[in-house]
Amino acid sequence: MAATAFYQAIGTLQYSGCFSNSNLNQENGNSAYRLVSKVFNLDIAPLRSGTHCSRKRSFSVIQASTSQSTVFDPVSSPSNGLKSDSKKKPSEAALILIRHGESMWNEKNLFTGCVDVPLTKKGVEEAIEAGKRISNIPIDMIYTSALIRAQMTAMLAMTEHRRKKVPIILHDESEQARVWSQIFSEDTNKQCIPVITAWQLNERMYGELQGLNKQETAERFGKEKVHEWRRSYDIPPPNGESLEMCAQRAVAYFKENIEPQLQCGKNVMIAAHGNSLRSIIMYLDKLTSQEVISLELSTGIPMLYILKEGQFIRRGSPVAPTEAGVYAYTKRLAQYRQRYLTSIGFFCIYIPIQRLKEMVQFSSW
């Protein structure tokens, strides 16, 4: 099973400029825009005349032509129905999974398990790169394990997010911790993202292998035995956890605590570990015990899922902050991205090759 599926865009069309009344009225008036690429032509027209405030302005893709002729229907502005739409049950939510960046014991080739080891410099860079890849995907809540390498990965990744909200670890371990960590500004609270830590998302406990060198352990016990401990589904290392045991706690926590948030429309990021994330992916993708043992997750590479109509749909890994392939697969993510780009003074329309044969709708306001 491919752990990352990449969606390649064949072209990018961009219009840059300040969406102030004076600029657009003086320079463009009510005219339509026609953008031409070597691959395709694209006509864009304003849906409404008079005002050019970025919060009220709407555009529609009225025609796109390529060697395979395709027509894109206009999209009406959603701003008129925001209040009524907010009462509807959310149709989809984004789930991002990130395995922590390289840890100091990864670098030394030691069994880490539940030992609380920080990231290396490379791990820090991997976490930052992961953040760049997800910088345009909405995030409302973050879950991490109780281990510092996962928490560092989540925090560093969020430094690259375009919304610049601050991730705040919630301290509910005691009443005093909860009271002492309260935020008393409503405005500040709106600019924060809650981070929930859970031991259930920890790496599987490697028992008596923790701290041992992997190569030396293979020489001592035999490669076949060590491979059995590491890659079998239901055989644990001495006094440790098997993948099956890890899956029982990780999936139970996901179903009880994280999945309900997604069902309510919250966009969630999970920063955790190879085995706890393999367990969750096993649940999301309905893998068998034989399929999951061959699943490998790279450090610092985000995976995107969409929960839509009660089904988890794997979208692969966002390629980079300028790659919009993942956004074109759902209308809601496309709208989110366009809202942000419009709010800072420009908007971009990207068209991936997989969707040029279909009717795709984008909207901004």
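What follows is a set of questions and answers on a predicted model.

Me: How many helices and strands does the secondary structure of the chain come to?
Reply: The chain of this predicted model has 365 residues, of which buried residues make up 47%. Among its contacts between residues at least 6 apart in sequence, 72% join residues at least 24 apart. The secondary structure comes to 13 helices and twelve strands.

Me: Which residue of β11 is the bridge partner of Leu 307?
Reply: Strand β10 (residues 303-308) pairs with strand β11 (residues 311-316) in the antiparallel sense, over five bridges. The two strands form a hairpin with two residues between them, and Glu 309 in the turn has a positive phi of about 55°. Within this pairing, the bridge partner of Leu 307 in β11 is Phe 312.

Me: Which residue stands opposite Leu 307 on the side of β5?
Reply: Strand β5 (residues 92-99) is joined to β10 by six bridges, and the two strands run antiparallel.

Me: Are α4 and α5 parallel or oblique to each other?
Reply: Two packed helices are described by the angle between their axes and the distance between the axes. For helix α4 (residues 121-133) and helix α5 (residues 148-158), the axes come within 7 Å and cross at roughly 50°. An angle under 35 degrees would count as roughly parallel, and one from 65 to 115 as roughly perpendicular. The two helices α4 and α5 are therefore oblique.

Me: How do the residues of the contact of α4 with α5 divide into nonpolar, polar and charged?
Reply: The crossing of α4 and α5 is right-handed. On the α4 side the contact is made by Val 124, Ala 127, Ile 128 and Gly 131, and on the α5 side by Met 152, Thr 153, Leu 156 and Ala 157. These residues divide into six nonpolar, two polar and no charged.

Me: How do the residues of the contact of α8 with α9 divide?
Reply: Helix α8 (residues 214-221) and helix α9 (residues 223-231) pack with their axes 6 Å apart, at an angle of about 120°, which makes α8 oblique to α9. The contact is made by Lys 214, Thr 217, Ala 218 and Phe 221 of α8, together with Lys 223, Lys 225, Val 226, Trp 229 and Arg 230 of α9. The division here is four nonpolar, one polar and four charged.

Me: Is Ser 242 buried or exposed?
Reply: Ser 242 is placed in the loop between α9 and α10. Leaving aside residues up to four places away in sequence, Ser 242 touches Arg 204, Tyr 233, Asp 234, Ile 235 and Pro 236. Its relative accessibility is 1%, and because the cut-off for this class is under 20%, Ser 242 counts as buried.

Me: What is the relative accessible area of Asn 239?
Reply: Most residues other than glycine have a negative phi. Asn 239, however, has a positive phi near 60°, and its place is in the loop between α9 and α10 (243-263). Asn 239 is exposed, with a relative accessible area of 60%.

Me: How far apart in space are Gly 207 and Glu 241, C-alpha to C-alpha?
Reply: Gly 207 lies in the loop between β8 (192-197) and α8, and at 15% relative accessibility it counts as buried. Not counting residues up to four places away in sequence, Gly 207 touches Pro 238, Asn 239 and Gly 240. Gly 207 and Glu 241 are 34 residues apart in sequence, and in space their C-alpha to C-alpha separation is 7.1 Å.

Conventions: Residues numbered from 1 in each chain as written. Predicted model: local features only at pLDDT ≥ 70, side-chain atom pairs only at ≥ 80, totals over all residues. Heavy atoms only, no water. Axes fitted to C-alpha atoms, helices over the stretch in contact; angles between N-to-C directions. Helix = DSSP H or I, 4+ residues; strand = E, 2+ residues; numbered from the N terminus. Parallel < 35°, antiparallel > 145°, perpendicular 65-115°, else oblique. Left-handed = near helix turned anticlockwise from the far one by under 90°. Contact = heavy atoms within 4.5 Å. Nonpolar A, V, L, I, M, F, W, Y, C, P; charged D, E, K, R; others polar. Pairing = 2+ DSSP bridges. Buried < 20%, exposed > 50% of the residue type's maximum accessible area, 1.4 Å probe, protein only.
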